[in-house]
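Have the viewer open as you read.

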Amino acid sequence: MPDAPIEAFRQRLRAWLAREAPANGWDCPSAVDEPESDRLARARHCQRLIADAGFAGITWPVEHGGQGLGVAEQLVFDQETAHYNLPLTPLVITLGICGPALLAMGADAQKLRHLRPLLTGDEMWCQLYSEPGAGSDIAGLSTRATRLDDGWLIDGQKVWTSGAANCAFGLLLARSNVDVPKHHGLTMFIVDMALPGIDVRPLRQMNGSSRFNEVFFDGVLLADDAVVGEVDQGWRVATTMLATERVSIGSGSAGRDAHEVSALIAAARRNDAIGTPSVRANLARAYERERIADLLGERVAGQVLAGRKPGPEGSLIKLVGTRRSQLAAQLGVDLHGIAGVAWDSQCSADGQWSKVMLAAPGLSIAGGTTEVQKNIIGERVLGLPREPRVAQPSQPTILAKDL
Ligand SMILES: Cc1cc2nc3c(=O)[nH]c(=O)nc-3n(C[C@H](O)[C@H](O)[C@H](O)COP(=O)(O)OP(=O)(O)OC[C@H]3O[C@@H](n4cnc5c(N)ncnc54)[C@H](O)[C@@H]3O)c2cc1C
């Protein structure tokens with residue numbers, strides 16, 4: 001027998017989606033070459049509608065703008081919205097990574113100030129981890145946080161910071177102590193991105209967009225209450241965020257078009273390729289990977305929502321999801337012939353695939369590279385011997401497997 005409150009929740013959600021999806025274009029594929037400002041505006045508008053309808057932060061406490069409901073309602077939301085293209089990709093870091101980290105590890109005052117505007121899409125957040133000299137080995141980062149009498153002074157540089165140019169706040173991992181092993185000397189800070197001394201410089205990517213940024217910190221002053229969790233214990237916050245990020249990327253919330261495989265099947269029919277055995281095999285493979293990533297995603301989402309940290313399964317999801325997206329991108333270009341390599345939708349409605357394909361390699365790097373995920377799966381899931389360590393006596397090294 002279906003649980004009555006859950007079923008009522010599902011029906012309310014279905015009715016809302018049936019009304020809002022056609023009105024907002026969430027029932028068709030999104031244009032890949034949509035200008036960035038329109039893309040962000042659509043994401044924020046969508047999240048605002050979700051919040052107004054009482055579906056934002058389903059498991060989050062009511063006092064922080066959430067709904068105070070359970071894991072079951074969240075899974076229903078994920079299942080029902082998977083049939084549509086909610087344009088929420090630009091908010092993945094805000095809602096899927098920074099928000100949960102603040103909820104889990106932030107101080108009460110931080111939660112009261114930040115969680116509500118984050119849930120309504122009014123304030124976007126970025127993740128300030130990677131540096132020119134620290135990526136897979138994030139614990140080797142060198143941005144300094146120097147203790148002052150009444151706060152902190154930040155100096156250094158971050159890179160590959162997705163969305164930083166449009167974010168109100170960021171979570172910054174910085175070195176607060178150089179006298180301890182490197183992963184014990186990091187602190188996580190909330191940074192107001194409008195503070196003096198912060199310089200955000202967009203980087204142009206090979207698909208033409210500029211979603212990454214370099215972020216420079218030159219004598220940026222932060223108050224004591226900017227610290228998330230404990231001083232020198234930022235690694236704990238960071239590892240929780242990284243595990244969540246992998247699940248987000250792999251399960252597709254970081255950019256999958258819900259109509260992608262069905263759009264590919266339609267293209268194969270249109271172009272008389274549906275009978276070609278290699279095309280059929282690749283379509284089946286893309287669909288199979290999508291289902292595996294979805295089912296693993298549901299399993300891990302259930303664990304996370306039940307209060308457990310995402311484990312090494314996040315690496316499996318990321319790996320499968322990345323392969324699915326890359327195969328779909330290649331298929332998209334192949335199936336559309338000359339139109340598949342057109343640059344924009346002015347040339348051809350199918351021109352989007354060239355940009356999808358040029359963005360696809362980055363998925364092997366974002367949120368921890370494929371090699372790093374394989375190390376984690378090998379050691380923590382399959383129980384294989386550990387990677388050799390290259391530690392120096394005074395500075396024990398955290399290898400990627402510790403992420
Ligand atoms: C789309 C995208 C979005 C991103 N968004 C953000 C963001 O918002 N915020 C942020 O802070 N960062 C972000 N990044 C950066 C990303 O986290 C790093 O690029 C990633 O962790 C890899 O670091 P790196 O580029 O320094 O490569 P490196 O760590 O220098 O790696 C170079 C090569 O060495 C391999 N390698 C490294 N260590 C090992 C090992 N132990 N075993 C085997 N092979 C290894 C890697 O697999 C890779 O092939 C983003 C990256 C991408 C592509």
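## Around the ligand

The shell around the ligand splits into ten nonpolar residues, ten polar ones and two charged ones. Keep in mind that this is a predicted model. Out of the 22 residues around the ligand, the ones that come nearest are Tyr129, Gly135, Ser136, Ala366 and Thr369. Two elements, strand S1 (125–128) and helix H11 (370–381), each give two or more residues to that shell.

Where does the ligand lie relative to domain 2 and domain 3? It lies between them, because domain 2 (126–234) and domain 3 (251–402) both give residues to the shell.

## Helix H11

H11 deserves a look of its own. It has twelve residues, which at 1.5 Å a residue should span 16 Å, and its end C-alpha atoms sit 15 Å apart, so the two figures agree.

Which residues of H11 are buried? They are Val372, Gln373, Asn375 and Ile376. These four cover an arc of only 155° around the axis, so they are on the same side of H11. As for what covers the buried residues of H11, helix H9 (313–335) is included.

## Two loop residues with positive phi

Trp160 has a positive phi near 65° without being a glycine. You'll find Trp160 in the loop that runs between strand S3 (151–158) and strand S4 (169–175). Is Trp160 buried or exposed? Trp160 counts as buried, because it has 21 C-beta neighbours inside 10 Å and the cut-off for buried is 20 or more.

Asp272 is also a residue other than glycine with a positive phi, near 60°. Its spot is the loop between helix H7 (260–270) and helix H8 (277–305). Asp272 has 8 C-beta neighbours inside 10 Å, so it counts as exposed; the limit for that is 12 or fewer.

## The chain as a whole

Zooming out, the chain holds eleven helices and eight strands. It has 403 residues, and 42% of them are buried. Taking the contacts with a separation of 6 or more, 71% are between residues 24 or more positions apart.

How values were computed:
Residues are numbered from 1 along each chain as its sequence is written. This is a predicted model: local features need pLDDT of at least 70, side-chain atom pairs count only at pLDDT 80 or more; totals for chains, interfaces and linings use all residues. A residue is near a molecule or strand if its C-beta atom, placed from the backbone, lies within 6 Å of it. Ala, Val, Leu, Ile, Met, Phe, Trp, Tyr, Cys and Pro count as nonpolar, Asp, Glu, Lys and Arg as charged, and the others, Gly among them, as polar. Domain bounds come from an automatic or database domain assignment. The expected span of a helix is 1.5 Å times one less than its number of residues. The arc is that of the directions from the helix axis to the C-beta atoms. Two residues are in contact if their C-beta atoms, placed from the backbone, lie within 7 Å.
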